Amino acid sequence: GMSKQQHYWYVPSENDAANAPLAFWTNGGPGCSGLLGAFTEQGPFLTKSADGTLTKNPYAWNRNVNFIFIEQPCGVGFSYSTASDTTADYKANDASAAEDNYNLIQAFLVRFPQFAKNPLYLTSESYGGHYLPTLSKFIVDKNTEAKNPKLNFKGFAVGNHATTEYSITPAMLATYWGHQVIPATL
């Protein structure tokens, strides 16, 4: 609803921002701030030092993509509710997160209409293995309904997806063992 205030951080592409694709990023969790990815993974700056000093990330994804880091669902990070009773706004599931994120993308394109034609991608990690397929289907369904502005949706990417119980801790341990980071006995 209108009481949900979802925070995002828009970082323009360093190369041809007017024509570069849009990529929305959310961390997984569920309930992990998108700014984690922004400041420790693929954002323009990294906070690697103990004093919080920022350093330029040579692998920043915004070198070629307009990147939007989002904090969702409502109540995560700087996203908040203005409702007098916030209980409903702070309850979320995959379906409500998809609807809220779809609304955020539509609102972003109202604010920045020059990007409506650009290819749109969704990116995430971990619990994003749930968030992004759900949001992708929501976008495709809404595009088919043609009641809202059609999104130029091209696809999604999820790293280290947490889609099953096995894909979380057991798969991580198997990977560690497979790369000889931990002994088989552990």
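The chat below walks through a predicted model, with its sheet, helices, aromatic rings, salt bridges and cysteines taken in turn.

Q: Let's start with the sheet. What is the order of its five strands?
A: In this predicted model, the five strands of the open sheet come in the order E2-E6-E3-E8-E9, and their pairing is mixed.

Q: Which strands sit at the edges?
A: The edge strands are E2, covering residues 8-11, and E9, covering residues 153-159, and each of these pairs on one side only.

Q: How are neighbouring strands turned against each other?
A: On average, neighbouring strands of this sheet are turned by 20° against each other, if their direction is ignored.

Q: What holds paired strands together in general?
A: Strands of a sheet pair through backbone hydrogen bonds, and the pairing can be either parallel or antiparallel.

Q: And E2 with E6, parallel or antiparallel?
A: E2 and E6, which spans residues 66-70, pair in the antiparallel sense over four bridges. As an example to look for in the structure, Tyr 10 has Ile 68 in E6 as its bridge partner.

Q: Now the helices. Which strands does H2 lie across?
A: Helix H2, made of residues 94-111, lies across E2, E3 (22-26), E6 and E8 (120-125), and H2 runs at about 140° to E3.

Q: Then what about H3, which strands does that helix lie across?
A: Helix H3, residues 128-145, lies across E3, E8 and E9, and its direction is at about 170° to E9.

Q: Changing topic: how many aromatic pairs are there?
A: A search of the whole structure finds 13 aromatic pairs. One of them joins Phe 24 and Phe 108 in an edge-to-face arrangement, with 5.6 Å from centre to centre and 85° between the planes.

Q: Where do Phe 24 and Phe 108 lie?
A: Phe 24 lies in strand E3 while Phe 108 lies in helix H2, so this pair ties together parts of the chain that are 84 residues apart in sequence.

Q: Are those two buried or exposed?
A: Phe 24 is buried, and Phe 108 is buried as well.

Q: Which residues form the aromatic cluster?
A: The cluster is formed by Tyr 8, Tyr 10, Phe 24, Phe 108, Phe 112 and Phe 115.

Q: What does Thr 123 touch?
A: Leaving aside residues up to four places away in sequence, Thr 123 touches Phe 24, Trp 25, Thr 26, Trp 61, Phe 67, Leu 132 and Ala 157. Thr 123 has its place in strand E8, and it counts as buried because its relative accessibility is 8%, which is under the 20% cut-off.

Q: On to charges. How many salt bridges are counted?
A: The count comes to four salt bridges. Among them is the one between Lys 4 and Asp 100, whose closest N and O atoms are 2.8 Å apart.

Q: Where in the chain are Lys 4 and Asp 100?
A: Lys 4 is in strand E1 (residues 4-5) and Asp 100 is in helix H2, and this pair links distant parts of the chain, 96 residues apart. Lys 4 is buried, with a relative accessible area of 17%, and Asp 100 is buried too, at 10%.

Q: Which side chain meets Lys 137 in a salt bridge?
A: The side chain of Asp 141 meets that of Lys 137, at 2.7 Å from N to O. Both residues lie in helix H3, four residues apart, which is about one turn of the helix. Lys 137 counts as exposed at 53% relative accessibility, whereas Asp 141 is partly exposed at 34%.

Q: And what is the partner of Lys 142?
A: Lys 142 forms a salt bridge with Glu 145, where the closest N and O atoms are 3.6 Å apart. These two also lie in helix H3, three residues apart. Lys 142 is partly exposed with a relative accessible area of 21%, and Glu 145 is partly exposed at 42%.

Q: Last topic: how many disulfides does the structure hold?
A: The structure holds zero disulfides.

Q: Which of the two cysteines is buried?
A: Cys 74 counts as buried, at 6% relative accessibility, while Cys 32 is partly exposed, with a relative accessible area of 25%.

Note on methods: Residues are numbered from 1 along each chain as its sequence is written. This is a predicted model: local features need pLDDT of at least 70, side-chain atom pairs count only at pLDDT 80 or more; totals for chains, interfaces and linings use all residues. Side-chain values use heavy atoms; hydrogens and water are left out. A disulfide is a pair of cysteine sulfur atoms within 2.5 Å. Buried means under 20% relative accessible area, exposed over 50%, partly exposed in between (1.4 Å probe, protein chains only). Two strands pair if DSSP finds at least two bridges between them. Axes are lines fitted to C-alpha atoms, for helices over the stretch in contact, and angles run from 0 to 180 degrees between N-to-C directions. Contact means heavy atoms within 4.5 Å. Rings of Phe, Tyr and Trp (its six-membered ring) pair if their centres lie within 6.5 Å; planes under 30 degrees apart count as stacked, over 60 as edge-to-face and the rest as tilted.
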